[in-house]
Amino acid sequence: MFRARFLLWPSSYEQRALARGGVLLPTRKIMTSYPRVRKLGEMAKKTARVLARSPLGPLRKVSRGRPGNKVSLWCVRGAQLAVVGCLPSFVMAARLGDVQVRRLAAWREEKKRKMKEKRERREQRQKEREKLGEDAPPKLEPRTIENTRVVDETVVVPDDEEVIQDEKTDEFAGYFDHRVTPKVLLLTVKKPSGKTVLLLNELNKCIPNSEFKLRWGAELKKVIPEAVERDFTDILVVNEDQKRPNGLVAIHLPSGPTAHFKLTGFKRGYDIRGHGKVTQHKPEVILNNFTTRLGHSVGRMFASWFPQVPQFTGRRVFTFTTRETSSSSDITGCFKTFDAFLCQFISFMHYFGYIFRGAEKVGLQELGPRLTLKLRSLQEGTFDSKHGEYIWVHKRKQMDTSRRKFHL
Amino acid sequence: MAEAPSHVDVWLGSSLGLMKGVTLDPLRCTNYLPGGLSVSQTDKNHEMLCMCRQRETLYVGLRRGVVQAFDSQLKRFTLECDVTSGVGTLVGVARHDQILITCTDRGSLSFWPPEEKKWEREVGKETCCMAVTDSPDSRVATGGRENPLKLWDTSQLSHTPIFTAKNVRPDRLGLRVPVWVNRVVFSPDHSGPQSILVTGTGYGEVRMYDTRAQKRPLLRTEYGGEPITALTMSPDGRYCVAGNSVGELVRFDLRAGGGVAGRYKGFGGGVTAVDVSGDGSILAACGLDRYLRTYSLDRPKLLHQVYVKLQCRCLTIGENYPRANDGGEVQSEGEKEGDDSDEEDVWASMATVGETTRTGNLRNERTNILNPLSFPLHVHES
């Protein structure tokens, strides 16, 4: 039986074969078992003859199949043919219809025209600037995520007395007033396995004063009062699906809010190139871009997992970032950039480092783990998903109407 | 906020004890605090949990067990009185004639007549809600967790409820349906003694009861499974609007079998309070996402969305909202009030036939301007 290998790019062997004008056809086995393939196979045989005659230029990708959709379309120079990737382990050639050919050519022309216009505009602006010299209008600012963002009225103004008082009297006030020492309980599903165990190990090592306990299916609602009794301040429950961690429920105790996150992109320190060794120093926590009121609440929740006073000599830093920052002197700005799609996500990173090289530059060494979290809901009170009151629930159809609107 | 507006459309009771007066056109939010208290001195003990309005006075119940009276014309707090003595938290406050009615979550329903001794009723161990009718023969409805809906008379003589609801039949699996009355509201039925009530359960069900007809609900509709945390009726008694803990705000048509007649979108968090204006055209709701939203009741269209910075658990639409002329003219306000009082005198002198008055809102009682309550405690000076 053939190995189900998902194909988005043709493999190097296949690429070379195609470049030489060859066509890869499915094996006989596949052709007989999948009727659709059989039909395409027949089509491929016909085009193979055409291909064999016409010289093939270099392959150029026009559209890429999305994960789950097994079709990729490559355009060959001349736009006469498209290479269509279907089922794994073979690539087939199919003849493009006239309309498709025309569309591809038109698209390419349009793109060329746009680039030309852009170049001309840029040159025009440069000429004007040179002519006017000092009186020239200021340079156009590049559009960034921050300056194209939809204005959010809940962005916290620094001296807003209501918000200040609200935060002084909220559930995290005890932590920020240094009355409470954080103590984190790590829990997970009944039988954790695979990457979940690795993640829990990492979290246990990273978060000072954390304990991992096996839950064996105990109900969270029953665990919570017991944890409160034992002076825990937070419970982190890592959810697992198919041996991979996929969710995180952060419950602040004794009566604090419960945040439910979707967890993706876990990479442990060991798997990060050039990672450093985790020390036992109390880390510093950096929260980037948690500007809205909701962002503030979530940011405070993250901060409350770590000891209040960091040991700067240890140079250990945790960063929670919601968006790419535009300033270059910021620590995370020099590390990773995220595209707009990820801007609703929170990246969690653990660094050792900041060896200051001069005034502006910072050297970083990642310690791991690396996580990406997306807030699903923030519920008031301790875990009660059915009857609890929600402060914020992510409603995709209502809230995700604009790519430039960020809730955190 | 340089100049306080002359009219306020919606009053909100916030989590830090600030009374927020929101004007919708132009959009403005003003905070009012009891005299001598500043924002930095408040805390969660000052959280306003319940509110009721009697003409231009708002009565708010605070978490620390105190009821404050706020004059919406003068825009300041006038009175305060301790009603729980530290036992339990307030779940409902209401005013009927001169009597102040409060209910705590421990089940202590107290009646505070002016210049007389209070009397109490035990309404159940865990009480979640209380509602009071507006009509002269007033009734109080209470309910809670494993505490069925009960109707109480406001006279001192009756010690037992006049009506206790019966639990619904067991569900399809033959299991007993747990009782959790989370919100209760009387249907503004003008024609007779108030007997129609609507309750919202903690399991997402809205039930309509007619206490004259039967002990079980006449109508049951379910929406989601999340607790109903806000409930109100339209003035004609036809629609009931319910909000739940995940921010779904839905209108049910009670005369058409309880079907959903509109969903009001926009809430990101649980809805804590909802109110319909006197003429039944505007719906205002506030929630845990710190926003006040107003919708037109008939077509679920969002009219205004105001960020109010604090979570609010109670709200009331102001007396004169929506105004006929939306130009926001300050002078016409005074004239309008004058008109109202003249009209009221005319109506008051006529024999009542049981029809609705011009103002149409049963919350405006045909009594004289209130005498201040003579509770022997703290009077605010501001």
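This is a predicted model: local features need pLDDT of at least 70, side-chain atom pairs count only at pLDDT 80 or more; totals for chains, interfaces and linings use all residues.
In strand S6 of chain B, the bridge partner of Leu58(B) is Phe70(B).

The pairing of S5(B) may now be followed on each side. Strands of a sheet pair through backbone hydrogen bonds, in either a parallel or an antiparallel manner. Strand S4 of chain B, residues 48–54, runs antiparallel to S5(B) and is joined to S5(B) by six bridges. Between S4(B) and S5(B) there are two residues, and the strands form a hairpin. In this turn, Arg55(B) has a positive phi of about 55°. Strand S6 of chain B, residues 66–71, also pairs with S5(B) in the antiparallel sense, here over five bridges. S5(B) and S6(B) form a hairpin with three residues between them, and Gly65(B) in the turn has a positive phi of about 90°.

Further along chain B, four strands form an open sheet in the order S8-S9-S10-S11, with antiparallel pairing. Its edge strands are S8 (90–96) and S11 (119–122) of chain B, each of which pairs on one side only. From one strand to the next, the twist averages 15°. Within this sheet, strand S10(B), residues 108–112, is joined to S11(B) by four bridges. Phe111(B) stands opposite Trp119(B), a residue of S11(B).

Another open sheet of chain B consists of four strands in the order S16-S17-S18-S19, and its pairing is antiparallel. Here the edges are strand S16 (181–186) and strand S19 (219–222) of chain B, each pairing on one side only. Neighbouring strands of this sheet are turned by 20° against each other on average, direction ignored. Five bridges link strand S17(B), residues 196–201, with strand S18(B), residues 205–210. Ile196(B) stands opposite Asp210(B) in S18(B).

Attention now turns to chain A. Its secondary structure comprises 10 helices and 15 strands. Of the 408 residues in chain A, 44% are buried. Among contacts in chain A with a separation of 6 or more, 65% involve residues 24 or more positions apart. The chain exposes about 23,900 Å², of which carbon and sulfur atoms supply 52%.

Is Glu202(A) buried or exposed? Glu202(A) counts as buried because its relative accessibility is 9%, which is under 20%. Glu202(A) belongs to helix H7 of chain A, residues 195–206. Leaving aside residues up to four places away in sequence, Glu202(A) touches Phe266(A), Arg268(A), Gly269(A), Gly368(A) and Pro369(A). Glu202(A) and Gly269(A) are 67 residues apart in sequence, yet 8.0 Å apart in space, C-alpha to C-alpha.

Leu214(A), by contrast, counts as partly exposed because its relative accessibility is 47%. Leu214(A) lies in the loop between strand S6 (210–212) and helix H8 (220–229) of chain A. Together with Phe212(A) and Trp216(A), Leu214(A) makes a nonpolar surface patch of about 330 Å².

Technical notes: Residues are numbered from 1 along each chain as its sequence is written. Chains are lettered from A and ligands numbered from 1 in the order in which they are written. Side-chain values use heavy atoms; hydrogens and water are left out. Two strands pair if DSSP finds at least two bridges between them. Axes are lines fitted to C-alpha atoms, for helices over the stretch in contact, and angles run from 0 to 180 degrees between N-to-C directions. Buried means under 20% relative accessible area, exposed over 50%, partly exposed in between (1.4 Å probe, protein chains only). Contact means heavy atoms within 4.5 Å. Patches are made of residues with over 30% relative accessible area and no salt bridge: like charges are joined within 9 Å, nonpolar side chains (Val, Leu, Ile, Met, Phe, Trp, Tyr) within 5 Å. Accessible areas come from the Shrake-Rupley method with a 1.4 Å probe; for residues, only the protein chains shown count as cover. A salt bridge is a side-chain nitrogen of Lys or Arg within 4 Å of a carboxyl oxygen of Asp or Glu.
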